[in-house]
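I opened my notebook today to look at how two chains sit together and at a few spots inside them. Come along and check each entry with me.

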There are 2 protein chains.
Amino acid sequence: MTPEIVNMQPFFAPHSVAIVGASSVPGKSGNIIVENLVKLRFPGAVYPINPKAKKILGLRTYASLAECPETPEIAVIVVPREAVPAAIQHVGERGTKYAVIATAGFADTGDESGLALDRQIHEIATSFGIRYMGPNSIGTISTDSRFITSIVRNDPLPAGPVSLFGQTGLFASGVTHWIAQSEPFGVAKVACLGNKNDVTEIDVLNYLADDPHTGVIGCYLEGTNDGRAFFAALRRAAAVKPVIVLKGGTSSLGGIATASHTGTLAGDAAVFRGVLRQAGAIAADDWEDLFALLAGFAHGPRPAGNRLGVISITGAGCVLAADAAERYGLELPELTPHTIERVREVSPAWAPLRNPLDIWSTIERCGVADAYHKVAPVVAADPNIDMLIVATTLFDGTIFDCGPLVEEIRAAAPQKTIATVLLGGGPDENRAWTTAAHHAGAATFPSLHRAVRALSVMRKDANNPEID
Amino acid sequence: MTPEIVNMQPFFAPHSVAIVGASSVPGKSGNIIVENLVKLRFPGAVYPINPKAKKILGLRTYASLAECPETPEIAVIVVPREAVPAAIQHVGERGTKYAVIATAGFADTGDESGLALDRQIHEIATSFGIRYMGPNSIGTISTDSRFITSIVRNDPLPAGPVSLFGQTGLFASGVTHWIAQSEPFGVAKVACLGNKNDVTEIDVLNYLADDPHTGVIGCYLEGTNDGRAFFAALRRAAAVKPVIVLKGGTSSLGGIATASHTGTLAGDAAVFRGVLRQAGAIAADDWEDLFALLAGFAHGPRPAGNRLGVISITGAGCVLAADAAERYGLELPELTPHTIERVREVSPAWAPLRNPLDIWSTIERCGVADAYHKVAPVVAADPNIDMLIVATTLFDGTIFDCGPLVEEIRAAAPQKTIATVLLGGGPDENRAWTTAAHHAGAATFPSLHRAVRALSVMRKDANNPEID
């Protein structure tokens, strides 16, 4: 079977959207969808469908889809599960060809009534030629078009190159909440696929591969219904942008849990990793690794070579960086005499100056902000290195705005990769640092180990054994 | 050489302390030490030594040690490095037998003038029988005695079982700042050993093994000068409480960086790991792992068996928990019919109820707080499980005070280990959750993988291959 190519644009940037099951009760999913669209200032037409309410959050409601002044390009369905077949029938009758079904309780339950409803809505949708995401989809988000179908309250996300999709509602809820609050990187698109009855990871992957706003793709997948098509989509996407895959259900136990919650069967873990490698995609080790790698790739350029420079507020950071560099196959070259000379000018005569560079004695002489400002751009510009990690820890006495620092480093070495690392430090200062570093063009990592791992994966010629 | 047993009590709970190099200039190390002692309300006598100032932060100063009305039990030396030999001479002449030397610029520099000063202060100290920590020590902290010698501004730490020591100043600066702000666990003692000219990891380990306030020991070490004595101390400590060791300088590159910043040579990585295993200690994989394991051990009891229960707000959490359980050798047993019955009472009829348990359908019916309150204590009490992970994500709609929940779970299953996991979520809510969970008796982890790893290491009969 050759799958039809789905036009995914209506799922991320429609001209108009109907909310079937819109609610005037704050906190209900059918209210939150409208609230999100209002909050994000979606520029298209929004048609809340509700037989009783006249207005929801200031928007005129319509008693039925039939009453809408135009055919909505997409419908978000958020009615109780028994009402979903009738809702999809109305969508079809109105001529709308795309839908997101947020309602849960179908194949995800594993029980017979859910499976029967599933078949019923799929038959109705197919008869009208409706392409739909879900059921059990928490929704989609697009920063460039300001479109959102999440059933969870979302604040506006920082725009950027990261697109996320997968079989988890977390991506359009807890994860976007974290991103909106901390701004570790910017986001292009988010899609929570739900049960994948119709629109699958293959459709979304093909769309994101072509999406000019998407620079790096992260996904959480538990399985695929069409291995060949998935491989083709993966290879096609990975040829033009990094694709990072966290595979859930790699264990036999995980496989059982997978079958229970989305109704698909997870493939063999080793087969899946082999497929990823052959397709040129990157396997995330775990949940934290996925987001660390995304943060890395979101802040280019990718390292042109293998040579790492490290500046650390503490000797332990230097040692841990060196350990990680050896583990992940990065070199720590000597700095040039010119670099050493310039760093010496702001450091005590007795301070040992080498890569990794312990900057503490310079801080004691110059103060923390000055020390980093005077040393980091010089080291970044050293022709012996391809990438630079700036590690520090935040407490009363070491806190400064890292935005101007990262900008100076980037100006001194625009072709190199810059990453920052925070070891400990309070949450508020960490958030401020992470956000400022992101806006100036550098990712922030919680350990040297994680930063070195990300940089090693980001190398363009990456072929070390950890990346598979 | 049999090392003398050092009386470590003056480093953590002296009756009186002199600050040699106390400063009236805010922000200077010699001022911060006094400020910390005042802020922590250290109940002993504090003698700031300063030839000019009359008072520092409200405390009477003394022009010299000779003028102190009593012999200070310990002296903290924070004068410029060329003045350290004279300072230690004065300490000896005053009859003080213990010192922390905060000043840096000795063996840590690797240069000849530093090494010469090092030898000089060691000779003077030895001639007076002074035992000292450092040089290049950021200091010590003790919550029970409210004593602190950190040269970095510290807020009061939550008291608890975790003691930290090692060759990094991070432990009494950025890390304690993080702990004071987020309260992921409580702290007993902190010691930043610095260059270990005299007091070593062996002395501190022996002391912490006997310290009634210390329930779990975490350390960062780059090497030891006496492998046999270290092994004996490690075995002795690990026999009575968990000892988690993060070894820096495991790589040949790291070994070079180690030699440069504390003047000791790192041993071979494989030898070191073998020593840890034989001694019954636990090797941390990396910086994040060290603190995750400490958070786990800080919140007992340790799991009596191998059987894990998981409750997750999302199916992905269930799948990732199952993957991690297989990787780390934990079982995910079926829940008893009694448990299933009680969970069914608050869940839709179609909801699949098994371990790991996806609680989303119950949340849709009951609301998030009620769902967790009704389900988690029941699952915790299930006789089939030894430990429980409660996973969620925080955003507008899922936020509630987890303190009462953790208390209820602990009351329902006081002999079991309880851990929480936050997937995404904003920093403020995460901090509030982490603090509340800690005070109620549960650690919080940033991923299922990390929680499962910690629980697997915490098992009393742990003998899985990851723990070595």
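**Entry 1: a word I needed.** I call a residue buried when its relative accessible area is under 20%, exposed when it is over 50%, and partly exposed in between. I also reminded myself that this is a predicted model.

**Entry 2: a pair in chain A.** With those cut-offs I looked up Glu112(A), which is exposed, with a relative accessible area of 52%. I found its side chain in a salt bridge with Arg119(A), at 3.2 Å from N to O. Arg119(A) has a relative accessible area of 47%, so I wrote it down as partly exposed. I then looked up the total and got 36 salt bridges over all chains.

**Entry 3: the interface.** How many residues of chain A are in contact with chain B? I got 66 residues of chain A, in contact with 66 residues of chain B. I noted that an interface's size is often given as the accessible area lost when the parts come together. Here chain A and chain B bury about 5,600 Å² between them, and 62% of that is on carbon and sulfur atoms.

I looked up the polar side next. The interface has 16 residue pairs in polar contact, both residues being at pLDDT 80 or more. Several elements of chain A each give at least two residues to the side that touches chain B, among them α5 (174-182), β13 (243-247) and α17 (448-458). The largest share, 10 residues, comes from α11(A). By class I listed 23 nonpolar, 25 polar and 18 charged residues on that side of chain A.

**Entry 4: salt bridges between the chains.** The count between chain A and chain B is 6 salt bridges. In one of them, Arg153(A) meets Asp396(B), with the closest N and O atoms 2.9 Å apart. I also looked up Asp396(A) and found it in a salt bridge with Arg153(B), where the closest N and O atoms are 2.9 Å apart. Asp396(A) is in the loop between β17 (387-392) and α15 (402-412) of chain A, and Arg153(B) is in the loop between β9 (147-148) and β10 (159-166) of chain B, so this pair joins two chains. Asp396(A) is partly exposed, at 38% relative accessible area.

Salt bridges with shared partners link Glu288(A), Arg450(A), Glu288(B) and Arg450(B) into one network. Within it, the side chains of Arg450(B) and Glu288(A) meet at 2.8 Å, N to O. Are these two buried or exposed? Arg450(B) is buried, at 8% relative accessible area, and Glu288(A) is buried too, at 13%.

**Entry 5: a strand in chain B.** Why do I call strand β13 (residues 243-247) of chain B largely enclosed by the rest of the structure? I do so because 5 of its 5 residues are buried. Val243(B), Val245(B) and Lys247(B) point one way, while Ile244(B) and Leu246(B) point the other way. Strand β12 (residues 216-221) of chain B pairs with β13(B) in the parallel sense over 5 bridges. I found Leu221(B) opposite Lys247(B).

**Entry 6: one serine.** Ser312(B) is in strand β15 (residues 308-312) of chain B. Its relative accessible area is 0%, so it counts as buried. The Ser312(B) side chain reaches the backbone oxygen of Thr314(B) at 2.6 Å. Beyond its neighbours within four places in sequence, Ser312(B) has contacts including Cys318(B), Trp360(B) and Tyr372(B).

Note on methods
Residues numbered from 1 in each chain as written. Chains lettered and ligands numbered in written order. Predicted model: local features only at pLDDT ≥ 70, side-chain atom pairs only at ≥ 80, totals over all residues. Heavy atoms only, no water. Contact = heavy atoms within 4.5 Å. Buried area = accessible area lost by both parts, 1.4 Å probe. Salt bridge = Lys/Arg side-chain N within 4 Å of Asp/Glu carboxyl O. Polar contact = N/O pair within 3.5 Å; in protein donor to acceptor, adjacent residues only side chain to side chain. Helix = DSSP H or I, 4+ residues; strand = E, 2+ residues; numbered from the N terminus. Nonpolar A, V, L, I, M, F, W, Y, C, P; charged D, E, K, R; others polar. Buried < 20%, exposed > 50% of the residue type's maximum accessible area, 1.4 Å probe, protein only. Pairing = 2+ DSSP bridges.
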